[in-house]
Amino acid sequence: MNLFQQLPLKSENAMRAGSGPIVLMTRIRLARNLRGQIFPDWAEKDARVRVLDECREALMAAQTMKGALFFDVEELSAQDKDILVERHLISRELAKGKQGAGICVSQGQDCAVMVNEEDHLRLQVLRPGLQFKQAWKTAEKLDKELEKRLDFAFSDKLGYLTACPTNLGTALRASALMHLPGLVLGGQMEKVVRAVAQMGMTVRGLFGEGSEAHGSMFQISNQQTLGESEPEILRHIEAVLRTIVQQEENARLKLIEQAPEKLFDKIGRCYGTLRYAHVLTSTEALNFLSLMRLAIDLNILPEARRGAIDRLLTEVQPGHLRASADAESGADIPAEALDTVRAAHTRARFAKMPEPDFANAGL
């Protein structure tokens, strides 16, 4: 059984049940290192493998990770790594990892622990919508379970010791994946990025550091971890996110009031392309599906279709397209045919999608 079968993509109903109109997902990440062990980037292979084995044993014994799957990154195919990156379960850095790197994924795919990325352990808890408190509760529980079995590097002065000095202290990164087409279409995103930076936050693309913001999707996270407690960090970022949500809502309202025909034209053209195109790049697909998601938020497409659009946002990405083709025919997709296969996939999905209804558009 391959990884795609072991970790099935969530159903449309499951995706629709949790994802919000603007905040798609929240994540809590804790960085931890083992006392007396060299950080992964400087460690030799044998040292990394020892850490991997020790962490694997602790993770598989943790109640929070009961029934979890553990993968040695070196043994994963390029396609498997793409799938994990596309689901935000591992970073691009871990996908390129050296020998001794691993990933532990819970049954529900809501907890994922990277081993020997930049730090020995990176605990991640994912929740749909805006759920920092719930995510933190799970992360804290898992952290305490692991601390009973592993000796974490900790300083009374600096807090948890990490490979990068910016993660010292709580070593907590709280982030949200946000869908902000109103701010993008209104030309206000650059102003928001500057304002967020002044509040001690950072804005990144869809897949984190160094990635592009395709589909008007951005990751917003805290920058400071030293000198603030976990509750303080979470209160701060949640307040910032609520401000961004309000700005996005205002930007959408402005688009409808000031230039409705231009907005409707964009949505209509994107719908037509997704329904009838025969060649579709990954970037185009994400950008067009972003506008379909906006159409649902504006009552132009029915709410019942939100899960289908959210699932498509993952299905059109390269790793998932290839995995789906493997599952159906057992044949790999040549790189030059990927855009054609992607278009066929969206055509099949949009054949059942109702046409946009602009009569009742509004927030």
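This is a predicted model: local features need pLDDT of at least 70, side-chain atom pairs count only at pLDDT 80 or more; totals for chains, interfaces and linings use all residues.

Reply: Residues are numbered from 1 along each chain as its sequence is written, and side-chain values use heavy atoms, with hydrogens and water left out.

Helices (H or I, at least four residues) and strands (E, at least two) are DSSP runs, numbered from the N terminus. The buried residues of helix 12 are R306, G307, A308, I309, D310, L312, L313, T314 and E315.

The loop between helix 11 and helix 12, which is numbered 306-315, holds N299. This residue has a positive phi of about 65 degrees although it is not a glycine, and, with a relative accessible area of 45%, N299 is partly exposed.

From helix 11, S282, A285, L289 and M292 meet D339, R342 and F350 of helix 14, where contact means heavy atoms within 4.5 Å. The residues of this contact divide into 4 nonpolar, 1 polar and 2 charged, with Ala, Val, Leu, Ile, Met, Phe, Trp, Tyr, Cys and Pro taken as nonpolar, Asp, Glu, Lys and Arg as charged, and the others, Gly among them, as polar.

Helix 14 also packs with helix 10 (residues 260-276), at an angle of about 110 degrees and with axes 6 Å apart. Helix 10 and helix 14 are therefore roughly perpendicular to each other. Y271, L274, R275 and Y276 of helix 10 make this contact with T346, R347 and F350 of helix 14, and its residues divide into 4 nonpolar, 1 polar and 2 charged.

Turning to the strands, 8 of them form an open sheet in the order 2-3-4-5-1-8-10-9, with antiparallel pairing; two strands pair if DSSP finds at least two bridges between them. Strand 2 (69-72) and strand 9 are the edge strands, each pairing on one side only, and the twist averages 20 degrees from one strand to the next.

Within this sheet, strand 10 (residues 217-222) has 6 of its 6 residues buried, so strand 10 is largely enclosed by the rest of the structure. M217, Q219 and S221 point one way from strand 10, F218, I220 and N222 point the other way, and all are buried. Strand 8 (residues 172-179) runs antiparallel to strand 10 and is joined to it by 5 bridges, with L177 opposite Q219. Strand 9 (residues 201-204) pairs with strand 10 over 4 bridges, also in the antiparallel sense, and there M201 stands opposite N222.

Strand 5 (residues 121-128) is the place of R127, which is buried with a relative accessible area of 15%. Leaving aside residues up to four places away in sequence, R127 touches M25, T26, D110, Q134, A135 and T138. The side chains of R127 and T138 are joined by a polar contact of 2.8 Å, a term for a pair of N or O atoms within 3.5 Å; within protein, one must be able to donate a hydrogen and the other to accept it, and residues adjacent in sequence count only if both atoms are side-chain atoms.

T138 is also among the residues touched by T64, together with C111, K141, L142 and E145, again not counting residues up to four places away in sequence. T64 is found in the loop between helix 3 (45-61) and strand 2 and counts as buried at 18% relative accessibility. Its side chain makes a polar contact with that of E145 (2.5 Å).

Terms used:
Buried means under 20% relative accessible area, exposed over 50%, partly exposed in between (1.4 Å probe, protein chains only). Axes are lines fitted to C-alpha atoms, for helices over the stretch in contact, and angles run from 0 to 180 degrees between N-to-C directions. Angles under 35 degrees count as roughly parallel, over 145 as roughly antiparallel, 65 to 115 as roughly perpendicular and the rest as oblique.
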